[in-house]
Amino acid sequence: MNDRATENHRNKRRTTLLLSGVVVLMFGFGFAMVPLYNLFCQVTGTQSLSQRSTIGQIVPSSGGVDENRWVTVKFDTTVNPNLPWDFSAVTHTMRVHPGKTYEVNFLAHNRSHSTVTGQAIPSVAPWQATPYFSKLECFCFNKQTLTGTQRTEMPLRFMVSTDLPEEINSMTLSYSFMRLKEGEDKPADADLPPLIAANPE
Amino acid sequence: MSTTTLTHDEAHHHEAPKGWRRWLFSTNHKDIGTLYLLFALIMLFLGGASAMLIRMELFQPGIQFLDPDLYNNLVTNHALIMIFGAVMPAAAGLANWMIPMMIGAPDMALPRMNNLSFWVLPAAATMLILSFVVPFFPGGGTQINTGWTIYPPLSVQVGMSMDFLIFAIHLLGISSVLASINIIVTLLNMRAPGMTLMTMPMFCWTWLVTAFLLILVVPVLAGGVTMLLFDRHFGTSFFDAAGGGDPVLFQHLFWFFGHPEVYILLLPSIGVLSHVIPAFSRKPLFGYKSMVGAMLAVATIGMVVWAHHQYTIGMSLGAVTYFMIGTILISIPVGLMVFNFIATMWRGSMTFETPMLFAVGIVLMFTFGGLSGVMLAVVPADMQYHDSMFVVAHFHYVLMPGAVFGLFAGVFYWLPKWTGHMYDEKLGKIFFWTNVIGFNITFFPQHFLGLAGMPRRIVDYNMMFTEFNVVSSIGAMIFGLSHLLLLYIVIKTIRGGKKAESRAWEGAKGLEWELDSPPAFHTWTVAPQIK
């Protein structure tokens, strides 16, 4: 009888240790996911939307101005909390013809009393429209510096491609203004492919 | 078995110790089970209170009395308190009470660890409540406005309350991992002689699978929130795109835990149903082996379909197709379980006491929630339903009947065993009907709201959604207040009532019904022989 009790005790110990091992392994598995996930995405291209070759490529307009078609373009602005600026679009919505060049202005105001440098990150929603929206001249191409309490207008010249798929008749261009720290060439998030930013969630 | 085989401890503790020591130092599975259940009851009321505040705010469009961050913090707290504070501890309480009695064991295999796994919970709950309270004080930082999924980058920006929440999740995880190890060791090593794995009661099987799921996925969540903590304070960039991390990785880690978690919540209640339905149909459970197989299938497939919560993150077509097919596949074993329950009731001599009413309600309403789940699993449809009130309606239809009503059924079924008194059947039935009617009035209209485009987790809504929200809020008040009746019934039953026999329900089968009601402090010190 005593033998059975010790054997039972040993069995319990073994099961407990085994299960504790599983717990430790699974905790490690969470951390192993970090490199494995990147590897998996690279090999299979699962996270492929951000890696498709078309991303970042602009489809040039193939025809002249399409007078028969109207596309609504909306402008949206966000300022990162680290940047003490106000930033807004002068025109919030406009109706445009594909193939024609338009110019709009954005207003920026440095609320602080010191010189601050920022960079705007553009994105287009729906993301399918991204390649058909070309910025001919944009303040987002360069970093922008405002001295203390300075106000300024920032221009954007753009054109919507005549090849824009027919089902898209409205798009939103969204700018997020990020702060540049001293000695940095580009904001922290500038490496993001535009789709990540364009894709809500 | 002679008395000489009793260990030192057992020989000296035949009676329950008195006073607070009985509870704080308890190693007795029945007392710890009671503690778990009482803790869950308190948390049920806390989580319920936050839900009622949410519904009061949504009674009318516009912002009534909650500011948006506070509203989202309540949404976060409601989910975490209900999942980690109410449902999981209540299921663990049932396991503690019933598993040793069902398998003829004197106690859990690791009684001291059992004490630890309960007493970590109040500490965790304190941290969780602090995470809600701290922002109200100066310097307390911002509120947790992320929802229970705590996705970065938002969760990296939240103030110090997020750190309280992260540590609360760590503690809750430790508690449930310890409890799971204990349950598995007990089930594998302490069954009465003659009871094999394939003849042990179904509740034990469901908990065996649940416990395995817990020890597989909870450590991954713990790892995920640890990385989040490191990103917040130690300059790492696991999820911060600026440093080469990927916020989507957190979503994968979270849902690798989060999806099996729904089966963790569901399965113990399926176990309760497997006892309640046969008892009140006076027939053995139909298809024991297929139940076990279906459960294992659900657990296995459930581990590898997590990304159906993330269809909109921009996965490739191949990936979303895989996750869609996997998810829809789960409906086959779950459907099998439902058919087993129906087949058990078929031509049985059924009576409808409160536990059985809840059981039948579950079979109906859980199936309904499962069907809206199949709708959500379909990728193109989900693109539309994602983050809408339809999702809220869906998971409340799965979790309320699937988890909570199952626990209610279990509590009413075993309350006579625990307390030695029969509960008031009339009040029990009133509770069932107010509860179920309130539940349906609350959540059924939310399907329509979601399909019409009302987003979830947003404090304000368009005027066009007003009518259904009013209905839903009124239902929520009925539903929420009905739980006061539950509290009253439980207290009344503990204090007195008709004496319960050993076999409190004449159709009930199993070792636990051979013991007195209430059972002695130590039971099955001599293991029963199973023929």
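**Exercise 1. In this predicted model, at what angle do the axes of helix α3 and helix α5 of chain B cross, and which residues meet?**

Step 1. Locate the helices. Helix α3 of chain B covers residues 29-57, and helix α5 of chain B covers residues 111-133.

Step 2. Take the axes. They come within 10 Å and cross at roughly 15 degrees.

Step 3. Classify the angle. Angles under 35 degrees count as roughly parallel, so α3(B) is roughly parallel to α5(B).

Step 4. The crossing of α3(B) past α5(B) is left-handed.

Step 5. List the contact. From α3(B) come B:His29, B:Ile32, B:Leu35, B:Tyr36, B:Phe39 and B:Met43. They meet B:Asn114, B:Asn115, B:Phe118, B:Leu121, B:Pro122 and B:Ala125 of α5(B).

Step 6. Sort the residues of this contact of α3(B) with α5(B). There are 9 nonpolar, 3 polar and no charged residues.

**Exercise 2. Describe how helix α14 of chain B packs with helix α15 of chain B.**

Step 1. Locate the helices. α14 of chain B spans residues 389-419, and α15 of chain B spans residues 425-451.

Step 2. Two packed helices are described by the angle between their axes and the distance between the axes. For α14 and α15 of chain B, the angle is about 165 degrees and the axes are 7 Å apart.

Step 3. Classify the angle. The cut-off for roughly antiparallel is over 145 degrees. α14(B) and α15(B) are therefore roughly antiparallel to each other.

Step 4. α14(B) passes α15(B) in a left-handed crossing.

Step 5. Find the residues. On α14(B), the contact is made by B:Met389, B:Phe390, B:Val391, B:Val392, B:Ala393, B:His396, B:Tyr397, B:Met400 and B:Phe412. On α15(B), it is made by B:Gly428, B:Phe439, B:Phe443, B:Gln446, B:His447, B:Leu449, B:Gly450 and B:Leu451.

Step 6. Sort them. The contact of α14(B) with α15(B) holds 12 nonpolar, 5 polar and no charged residues.

**Exercise 3. Is B:Gly293 buried, partly exposed or exposed?**

Step 1. B:Gly293 sits in helix α10 of chain B, residues 288-302.

Step 2. Count the neighbours. B:Gly293 has 13 other C-beta atoms within 10 Å.

Step 3. Apply the cut-offs. A buried residue needs 20 or more, and an exposed one has 12 or fewer. B:Gly293 is therefore partly exposed.

Step 4. Look along the chain. B:Leu336 is 43 residues apart from B:Gly293, yet their C-alpha atoms are separated by 9.8 Å.

**Exercise 4. Outline the secondary structure of chain A.**

Step 1. Count the elements. Chain A has 2 helices and 9 strands.

Step 2. Read them in sequence. The pattern is α-β-β-β-β-β-β-β-β-β-α.

Step 3. Check burial. Of the 201 residues of chain A, 23% count as buried.

Step 4. Check contact range. Take contacts in chain A between residues at least 6 apart in sequence: 76% join residues at least 24 apart.

**Exercise 5. In what order do the 4 strands of the open sheet in chain A lie, and how are they joined?**

Step 1. Write the order. It is β2-β4-β8-β6, and the pairing is antiparallel.

Step 2. Find the edges. Strands β2 (85-89) and β6 (133-138) of chain A each pair on one side only.

Step 3. From one strand to the next it averages 30 degrees.

Step 4. Join β2(A) to β4(A). These strands share 5 bridges. A:Asp86 stands opposite A:His109 in β4(A).

Step 5. Join β4(A), residues 101-110, to β8(A), residues 151-160. Here 9 bridges are found. A:Val104 has A:Leu156 as its partner in β8(A), and A:Thr101 has A:Met159.

Step 6. Join β6(A) to β8(A). This pair has 5 bridges. A:Ser134 is bridged to A:Met159 in β8(A).

Technical notes
Residues numbered from 1 in each chain as written. Chains lettered and ligands numbered in written order. Predicted model: local features only at pLDDT ≥ 70, side-chain atom pairs only at ≥ 80, totals over all residues. Axes fitted to C-alpha atoms, helices over the stretch in contact; angles between N-to-C directions. Parallel < 35°, antiparallel > 145°, perpendicular 65-115°, else oblique. Left-handed = near helix turned anticlockwise from the far one by under 90°. Contact = placed C-beta atoms within 7 Å. Nonpolar A, V, L, I, M, F, W, Y, C, P; charged D, E, K, R; others polar. Pairing = 2+ DSSP bridges.
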